[in-house]
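Hello,

Here is the structure I promised to pass on. Please open it next to this email and follow along.

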Amino acid sequence: MKVIALAVGLFALIEAAQCVGLARGLYCGLEICYDVLGVDRETFNKTGLAKAYRKLAKQFHPDRVKDEEARVAAEERFRLIATAYETLKDDETRGFYDYYLDHPEQRYYNYYQYYRMRTAPKVDIRLVIIGVVSVISLIQYISAKSKYTEAIDYAVKVAKYRKAAIDIASERGLLDVDPKTGKVRKNRKNRDNVDVEAIIRAIVEENMDVRGGYKKESVYDTIAWYIISFPVILFRYAIWKARWIKKYNINGEEYEEEDKLYLIRKHFGMTECQFICLEPEEIDEFLEEKLWIKENFTQWKEAKEVEEREKMANSGKYKRYRRYMKNNTGNTMSFVE
């Protein structure tokens with residue numbers, strides 16, 4: 001038992017000895033960085049640090065040593081000088097190093113701070129976040145612009161939109177249109193510095209109401225704007241919520257039309273952008289059915305689902321599909337087969 005107790009005591013003593021003092025793998029190893037550069041810790045200043053570093057770096061630079069053995073020693077000393085300078089020139093790193101000198105017993109914490117500083121990115125994380133948000137916002141803007149252009153390109157090729165644009169251009173005197181055929185005449189008026197397609201496109205774009213995923217690009221639809229305006233949005237939401245609770249929950253007032261539409265949209269699970277794309281007749285039907293009331297919406301939805309199933313059951317195409325499935329039961333081929 002005495003032998004075991006002695007061994008345990010010796011092991012604890014060794015562990016305690018290892019936890020105190022300079023560590024070989026940290027900063028300047030077994031030397032103090034201040035001593036390596038010959039600067040005083042109490043009177044430290046960056047001007048004196050830079051002067052001491054330049055003097056020692058010039059003295060121990062390997063290119064100034066001709067002897068091979070001396071050059072190897074000079075290289076080691078030069079690396080140590082450079083390490084000491086890199087440690088002390090940065091205020092944050094020097095702060096961790098001073099803590100390491102004053103608290104050598106906190107070995108694990110000092111190791112953590114040393115390797116964290118070595119592996120942490122040198123770039124300000126705030127600049128990285130700003131850069132990422134800017135790139136994402138730019139991609140969003142360009143993508144929206146591309147989709148909007150695609151929508152206008154399609155509208156220009158649709159006959160009824162094209163004809164309407166030509167009629168408007170004719171009324172404005174921008175194009176010379178044959179009243180009999182409705183086509184643009186190829187005369188001098190339409191040839192001299194007049195881009196017929198550009199005029200038609202501009203009028204189509206002016207009169208088209210493109211919504212949803214193909215609406216016109218805007219900086220207000222980018223993540224950068226959402227982040228910038230988030231405090232304002234949050235403040236407005238808090239005011240709106242307080243008004244809602246006071247007006248409807250406490251006072252029990254009748255819902256205004258805008259608030260009715262909000263509740264209907266919420267029941268449908270639609271975004272505002274999706275809801276405004278609905279036809280006015282559909283929205284009028286929702287208001288007539290009083291779908292802002294949850295019970296009415298549930299009943300209306302169930303009735304619509306029954307109606308849709310009946311319509312499908314009476315559909316000729318669906319009947320043919322059912323006959324096909326009935327006649328070919330057991331003869332279908334699965335992906336595994």
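**What I found**

D259 has its place in helix α12, which covers residues 257–268. Please note that this is a predicted model. Is D259 buried or exposed? D259 is buried, because its relative accessible area is 4% and the cut-off for buried is under 20%. Which residues does D259 touch, leaving aside neighbours within four places in sequence? D259 is in contact with W240, R243, W244 and Y248.

**The whole chain**

Now step back. The chain has 16 helices and zero strands. It is 337 residues long, and 24% of those residues count as buried. The accessible surface comes to about 25200 Å². Carbon and sulfur atoms hold 57% of that surface. Take the contacts with a separation of 6 or more: residues 24 or more positions apart account for 56% of them.

**A buried loop residue**

Look at T222 next. T222 is found in the loop between α10 (196–207) and α11 (223–250). Its relative accessible area is 6%, so T222 is buried. What does T222 touch, once neighbours within four places in sequence are left aside? T222 is in contact with S137, Q140 and Y141.

One patch is positive. It is formed by K241, K266, K294 and K301. K241 has its place in helix α11. K241 counts as partly exposed, because its relative accessibility is 34%.

The other patch is nonpolar. Its members are V123, I125, L127, V128, I129, I130, V132 and I136. Together they have about 720 Å² of accessible area. V128, one of the members, has its place in helix α7, residues 125–157. V128 has a relative accessibility of 38%, so V128 counts as partly exposed.

**Salt bridges**

Side chains of opposite charge can pair when their charged atoms come close. How many salt bridges does a search of the whole structure find? The search finds 19. Here are some to look up.

- E31 and R77: the closest N and O atoms are 3.1 Å apart. E31 lies in the loop between α1 (2–18) and α2 (33–37), and R77 lies in helix α4 (residues 68–89), so the pair ties together parts that are 46 residues apart in sequence. E31 is partly exposed at 34% relative accessible area. R77 also counts as partly exposed, at 24% relative accessibility.
- K216 and E217: the closest N and O atoms of this salt bridge are 3.7 Å apart. K216 counts as partly exposed, with 45% relative accessibility. E217 counts as buried, with 12%.
- E256 and K247: their side chains meet in a salt bridge at 2.2 Å, N to O. E256 is partly exposed, with a relative accessible area of 39%. K247 counts as buried at 14% relative accessibility.

There is also a network. Salt bridges that share partners join K145, E205, K216 and E217 into one.

**Where to start**

Then go to T222 in its loop between α10 and α11. Finish with the pair E31 and R77.

Best wishes

Methods. Residues are numbered from 1 along each chain as its sequence is written. This is a predicted model: local features need pLDDT of at least 70, side-chain atom pairs count only at pLDDT 80 or more; totals for chains, interfaces and linings use all residues. Side-chain values use heavy atoms; hydrogens and water are left out. Helices (H or I, at least four residues) and strands (E, at least two) are DSSP runs, numbered from the N terminus. Buried means under 20% relative accessible area, exposed over 50%, partly exposed in between (1.4 Å probe, protein chains only). Contact means heavy atoms within 4.5 Å. Accessible areas come from the Shrake-Rupley method with a 1.4 Å probe; for residues, only the protein chains shown count as cover. Patches are made of residues with over 30% relative accessible area and no salt bridge: like charges are joined within 9 Å, nonpolar side chains (Val, Leu, Ile, Met, Phe, Trp, Tyr) within 5 Å. A salt bridge is a side-chain nitrogen of Lys or Arg within 4 Å of a carboxyl oxygen of Asp or Glu. Lys and Arg count as positive and Asp and Glu as negative; His and the chain ends are not counted. The place of a charge is taken as NZ of Lys, CZ of Arg, CG of Asp or CD of Glu.
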